[in-house]
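I opened the notebook to record what I looked up, entry by entry. The sequence and model go in before the notes.

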Amino acid sequence: MKIQFHYQTVYGMLSITEEHNTIIMVSVCDTYKDCGNDYVQRETPLITAVYQQMMEYFTGQRTNFQLPLASKGTAFQQKVWRALQMIPYGETRSYLQLAEVIGNPKACRAVGMANRYNPIAIIIPCHRMIGVNGALVGYAGGLNLKKQLLDLEKRIKMQN
């Protein structure tokens with residue numbers, strides 16, 4: 001059974017979904033309605049733990065996550081999402097760089113599409129992806145949120 005809960009944060013409505021004691025979806029939406037309410041709505045210990053870790057991240061107290069994740073996607077998407085998790089906090093990579101990391105330098109567009117379908121935003125840090133020219137491009141949560149997250153990480157990294 002899929003269980004979901006929403007929390008209001010300074011970055012928007014945080015939606016967390018779990019299934020079989022693993023996190024399958026995290027997203028930030030503008031409103032409660034935008035996040036979708038397709039599943040049983042209630043807090044669980046795991047959802048609460050995710051929320052706590054996310055709040056620590058948002059306040060600069062956490063730079064990585066320890067959570068049971070179960071992102072669902074193709075073998076290629078899974079490979080890209082694993083590579084995303086290797087990008088250090090406060091750093092960015094271009095789609096080309098990530099394509100090279102996964103051993104397929106011509107797969108820039110496919111890497112971009114895999115990012116687009118990343119179901120576990122922020123924890124699997126697709127916001128750390130930029131264009132080859134350094135431009136902020138594409139983010140399911142919107143470029144404003146992407147910029148805010150990158151600015152947060154840069155500021156915290158500089159403090160440490």
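**Entry 1**

I looked up Val26 and found that, setting aside residues up to four places away in sequence, Val26 touches Leu14, Ser15, Ile16, Val50, Met54, Pro119, Ile120, Ala121 and Ile123; contact here means heavy atoms within 4.5 Å. I note that this is a predicted model, in which local features need pLDDT of at least 70 and side-chain atom pairs count only at pLDDT 80 or more, while totals for chains, interfaces and linings use all residues. Residues are numbered from 1 along each chain as its sequence is written, and side-chain values use heavy atoms, with hydrogens and water left out.

The core has 40 residues, of which Val26, Val50, Met54, Leu84 and Ile122 touch the most other members. Two or more residues each come from S1, strand S2 (12-19), strand S3 (22-29), H2, helix H3 (75-84), helix H4 (95-101), helix H5 (108-116) and helix H6 (143-159). H2 gives the largest share, 6 residues. Helices (H or I, at least four residues) and strands (E, at least two) are DSSP runs, numbered from the N terminus.

**Entry 2: Gln4**

Is Gln4 buried or exposed? I found Gln4 buried, at 2% relative accessibility; buried means under 20% relative accessible area, exposed over 50%, and partly exposed in between (1.4 Å probe, protein chains only). Gln4 sits in strand S1. Beyond four places in sequence, its contacts include Ser15, Ile16, Thr17, Asp38, Arg42 and Ile47.

**Entry 3: aromatic pairs**

I looked for ring pairs (Phe, Tyr and Trp, the last by its six-membered ring, with centres within 6.5 Å; planes under 30 degrees apart are stacked, over 60 edge-to-face, the rest tilted). The structure holds 6 aromatic pairs. Phe5 and Tyr7 make an edge-to-face one, 5.0 Å centre to centre with 65° between the planes. Tyr7 is buried at 9% relative accessibility, whereas Phe5 is partly exposed at 24%.

Tyr7 also pairs with Tyr51: the centres are 3.9 Å apart and the planes at 15°, so the pair is stacked. Tyr7 lies in strand S1 (residues 2-9) and Tyr51 in helix H2 (residues 45-58), so this pair ties together parts 44 residues apart in sequence. Tyr51 is partly exposed, with a relative accessible area of 23%.

I also noted a cluster in which ring pairs link Tyr11, Tyr57, Phe58, Phe65 and Tyr89.

How values were computed: A nonpolar core is a set of buried Ala, Val, Leu, Ile, Met, Phe, Trp, Tyr and Cys residues joined through side-chain atoms within 4.5 Å.
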